[in-house]
Amino acid sequence: MRHRGQPGRWRYFFEILDKQLLICFPSHGLRGTKISTALNIDYDFVAYLDEAGDPGLRLVAPIDPNGSSEWMTLGCVLIRKKYESDVVQWVRDIRLAVRATQGPSLHYRRLSRAKRVIACQMLSKLPVRAIVLASNKKNMRGYRNDRAAKIPSQEPFYNWCIRLVLERATDLVDRQKRPPSSPPPKLKIVMSQKGGHSYSQTQAYIFKLQEQARAGSTVLQKRQIKPDTLHWNLIQPESAHTAAGALLADVIASAFFNAVSRTSGYFAEPAESLRPIMAKENGCIDDYGVILQPPPWKAEIDFQQKAIFRYYGHVL
């Protein structure tokens with residue numbers, strides 16, 4: 001694999017991925033490619049990630065009539081490894097309950113409003129924790145982060161969103177009780193595979209965050225990932241149509257997207273139904289299980305869009 005025009009240290013890093021870890025990504029995106037790992041790393045938790053909306057920033061609705069979506073939401077479903085084999089049955093049970101039995105996937109956006117509520121209510125009873133980032137992109141229209149752009153990436157905004165979610169997910173994993181002498185628990189990350197996105201670059205970005213956290217040089221230090229919970233062999237994409245855990249993450253992302261979307265009529269009941277599983281920090285969900293970007297004191301959103309965040313404890 002060739003990576004033209006990248007800084008020397010990052011070219012070297014990609015060569016490590018290519019040659020030593022045997023991780024192979026086509027330059028145009030994964031499209032069914034599997035990660036081949038040279039090391040067998042055990043793990044304790046699994047985080048499934050999927051998004052709703054469009055990460056594009058050049059043109060953004062409603063400012064631009066033909067712009068990308070006003071919001072992008074990134075959902076994360078976190079489970080213990082012991083439940084990993086149960087996820088397919090969980091999705092099957094939800095599909096049967098909402099009578100979405102044609103094909104193996106659960107397409108949340110195709111469900112009626114009543115069925116979306118049922119799907120979220122069933123998910124809220126499972127032994128999982130969930131995190132969602134909701135980013136209103138109006139203030140980022142045309143934005144370019146020159147610092148982030150130094151790290152090779154086709155979608156620095158998407159990777160920034162990944163960072164905010166992983167800061168909470170790795171903290172949640174790191175806070176789990178364990179014997180004093182035991183090593184930190186490890187987290188496997190499964191990202192819903194989308195065409196055109198370079199997951200090797202997202203992987204490199206996460207590796208960079210690990211370096212910064214260990215060195216104490218994280219930019220914007222309100223939070224940082226827990227570096228010892230991650231390993232680059234435990235970061236992988238899977239098909240959005242066949243990865244059962246990614247389908248659950250899509251439910252989280254889509255429910256909150258509907259709650260803030262003008263075109264969805266601000267339909268918030270499904271997102272409100274997820275309250276029992278949204279991750280908490282010191283008993284609070286706001287800015288932990290439910291993340292609003294830009295922050296509440298900067299967010300310029302309408303009254304209907306504020307409702308779901310107020311429901312989860314944000315002061316707006």
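Helices (H or I, at least four residues) and strands (E, at least two) are DSSP runs, numbered from the N terminus. The buried residues in question are Gln305, Ile308 and Phe309, and because they fall within an arc of 95 degrees when seen down the axis of H9, they line one face of the helix; the arc is that of the directions from the helix axis to the C-beta atoms.

At the N-terminal end, aspartate 302 caps H9, with a side-chain oxygen 3.3 Å from the backbone nitrogen of glutamine 304. Just after H9, glycine 313 takes a positive phi of about 105 degrees.

## Basis and confidence

This is a predicted model, in which local features need pLDDT of at least 70 and side-chain atom pairs count only at pLDDT 80 or more, while totals for chains, interfaces and linings use all residues. Residues are numbered from 1 along each chain as its sequence is written, and side-chain values use heavy atoms, with hydrogens and water left out.

The pLDDT, the predictor's confidence in each residue from 0 to 100, averages 82 over the protein, and 77% of the residues score at least 70. Over residues 1-38 the pLDDT is below 50, and this stretch has 71 contacts in the model beyond near neighbours in sequence, a contact being heavy atoms within 4.5 Å.

## Aromatic pairs

The whole structure holds 5 aromatic pairs, where rings of Phe, Tyr and Trp (its six-membered ring) pair if their centres lie within 6.5 Å, with planes under 30 degrees apart counted as stacked, over 60 as edge-to-face and the rest as tilted. One of them joins tryptophan 71 and phenylalanine 309, which are stacked at 5.9 Å centre to centre with 25 degrees between the planes. Tryptophan 71 lies in strand S2 (residues 71-80) and phenylalanine 309 in helix H9 (residues 303-311), so this pair ties together parts that are 238 residues apart in sequence. Tryptophan 71 is buried at 2% relative accessibility, and phenylalanine 309 is buried at 0%.

Tyrosine 311 and tyrosine 312 form an edge-to-face pair, 5.0 Å centre to centre and with 85 degrees between the planes. Tyrosine 311 is partly exposed at 33% relative accessibility, whereas tyrosine 312 is buried at 2%. Phe256, Tyr311 and Tyr312 form one aromatic cluster.

How values were computed. Buried means under 20% relative accessible area, exposed over 50%, partly exposed in between (1.4 Å probe, protein chains only). A polar contact is a pair of N or O atoms within 3.5 Å; within protein, one must be able to donate a hydrogen and the other to accept it, and residues adjacent in sequence count only if both atoms are side-chain atoms.
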